[in-house]
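Please look through the model below before reading on. The text then takes its parts in turn.

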Amino acid sequence: MINATTNERLLDVKDLTIEIDTRRGPAVVVDGIDLYVNKGETLGVVGESGCGKSLTMLSLMRLLPNKIKVTKGSATFDGRDLRKMSNRDLRKVRGGDVGFVFQDPMTSLNPVMRIGDQICEPLIYHRKMSKADARARAVELLRLVGIPGPEERLMAYPHELSGGMRQRVMIAIGLACNPKLLIADEPTTALDVTIQAQIVDLVKDLRAKLGMSVVWITHDLALIAGLVDRVAVLYAGTVVEDAPVDELYARPSHPYTRGLLSSIPKLSDAPASRLSSIGGTPPEPGRRPKGCPFAPRCPLAEAICHERVPRLEPVSGNSAHRAACFVVQRMQEAA
């Protein structure tokens with residue numbers, strides 16, 4: 001069993017900027033994101049819909065839709081610069097060293113290909129396996145992700161499986177080549193809470209067995225509380241807070257993170273109490289405010305927040321816990 005997190009960087013993304021072409025011209029949708037994942041670590045990437053979580057990870061593998069492109073930044077994976085790789089070299093990484101579990105398995109799986117053929121495909125391409133060996137490995141993978149009767153399931157089409165089983169097939173495909181990094185893009189969004197819990201436990205067990213790193217993309221802070229080692233909170237295409245999971249839940253610093261956590265229902269809440277909410281809406285691409293992107297919605301915003309963009313800075317001298325907030329920085333200086 002391998003479950004050791006090290007301080008050695010596996011993925012290091014710096015100053016990543018992504019633009020989309022619109023009728024009004026280029027609009028920034030991801031603005032200078034800094035992210036990293038250590039070997040053996042599970043990173044949770046959270047934020048509202050449209051904050052750039054999925055686009056950031058898709059851009060690393062050059063899977064962005066048309067009219068969306070990376071304009072700046074670097075991305076290093078296992079010592080190699082992903083942005084400088086040729087398409088041929090990147091194809092060897094994509095699906096081989098990096099596995100991807102997409103949001104909706106019903107639209108990600110090929111509806112006219114049998115499950116077995118879809119699992120065998122990366123094994124034959126990346127690991128140069130024979131069809132017989134790939135099929136044996138496919139059976140092993142389906143058994144690993146908890147699908148009963150794996151030999152029979154190889155012959156099934158996606159529409160013949162339940163939502164939970166389709167998601168398990170997607171995870172099997174992502175794990176087929178024993179990747180160093182598994183990127184799971186909201187893999188439990190369309191599933192009921194029982195299946196969600198099963199998928200979370202499955203990923204935890206597989207990470208322990210295989211020693212891989214995981215990036216879990218979600219908008220559900222409650223879901224990842226017991227799954228990840230560290231959390232990066234995104235807002236309007238920027239990282240506003242980055243901290244170890246226990247530290248983030250115990251001492252959230254950024255007003256946006258506090259708002260997200262306060263909106264989670266608690267068993268201690270009175271039956272008639274109203275849930276807390278964050279007022280306003282995120283800025284539209286191309287219409288970002290001059291200063292901090294959260295300032296128009298922030299109850300603590302000061303004049304400087306509307307004029308300048310804050311940088312990620314250590315919280316209370318803790319380099320492992322960083323927040324991009326002028327108010328937090330001022331309160332620390334005052335203390």
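The paragraphs below cover the nonpolar cores, the packed helices and some single residues.

This is a predicted model, in which local features need pLDDT of at least 70, side-chain atom pairs count only at pLDDT 80 or more, and totals for chains, interfaces and linings use all residues. Residues are numbered from 1 along each chain as its sequence is written, and side-chain values use heavy atoms, with hydrogens and water left out.

In soluble globular proteins, nonpolar side chains tend to be buried together. A nonpolar core here is a set of buried Ala, Val, Leu, Ile, Met, Phe, Trp, Tyr and Cys residues joined through side-chain atoms within 4.5 Å. Buried means under 20% relative accessible area, exposed means over 50%, and partly exposed is in between (1.4 Å probe, protein chains only). The largest nonpolar core has 62 residues, of which I171, W216 and V231 touch the most other members. Helix 7 (residues 163–175) gives the most to this core, with seven residues. Helices (H or I, at least four residues) and strands (E, at least two) are DSSP runs, numbered from the N terminus. With neighbours within four places in sequence left aside, I171 is in contact with V101, V145, I199, L202, V203 and L206, where contact means heavy atoms within 4.5 Å. There is also a second, separate core of 37 residues, and L10, M61, L181 and I217 are among its members.

Next come the helix pairs. Two packed helices are described by the angle between their axes and the distance between the axes. The axes are lines fitted to C-alpha atoms, for helices over the stretch in contact, and the angles run from 0 to 180 degrees between N-to-C directions. Helix 4 (residues 115–126) and helix 5 (residues 131–144) have axes that come within 9 Å and cross at roughly 125 degrees. That angle makes helix 4 oblique to helix 5. Angles under 35 degrees count as roughly parallel, over 145 as roughly antiparallel, 65 to 115 as roughly perpendicular and the rest as oblique. The crossing of helix 4 and helix 5 is right-handed; a crossing has that hand if the near helix is turned clockwise from the far one by less than a right angle, and is left-handed if anticlockwise. On the helix 4 side, the contact is made by I119, C120, L123 and I124, and on the helix 5 side by K131, A134, R135, R137, A138, L141 and L142. By class, this contact of helix 4 with helix 5 has eight nonpolar, no polar and three charged residues. Ala, Val, Leu, Ile, Met, Phe, Trp, Tyr, Cys and Pro count as nonpolar, Asp, Glu, Lys and Arg as charged, and the others, Gly among them, as polar.

Helix 5 also packs with helix 7, at an angle of about 125 degrees and with the axes 9 Å apart. Helix 5 and helix 7 are therefore oblique to each other, and their crossing is right-handed. R137, L141 and L142 of helix 5 meet V169, A172 and L175 of helix 7 in this contact. Its residues divide into five nonpolar, no polar and one charged.

Which residues of helix 4 are buried? They are I115, G116, Q118, I119, C120, P122, L123 and H126. Their cover includes helix 2 (87–93), helix 5, helix 6 (150–153) and helix 7. Just after helix 4, K128 takes a positive phi of about 55 degrees. In helix 1 (residues 53–60), eight of the eight residues are buried.

Several loop residues complete the picture. K67 is in the loop between helix 1 and strand 4 (68–77) and has a positive phi of about 70 degrees although it is not a glycine. At 61% relative accessibility, K67 counts as exposed. D78, in the loop between strand 4 and strand 5 (80–81), is partly exposed, with a relative accessible area of 24%. N110 lies in the loop between helix 3 (105–108) and helix 4 and is partly exposed at 29% relative accessible area. Beyond its neighbours within four places in sequence, N110 is in contact with Q118 and P158.

L223 is in the loop between strand 8 (213–218) and strand 9 (230–235). At 18% relative accessibility, L223 counts as buried. Not counting residues up to four places away in sequence, L223 touches T188, Q196, V200, W216 and T218.
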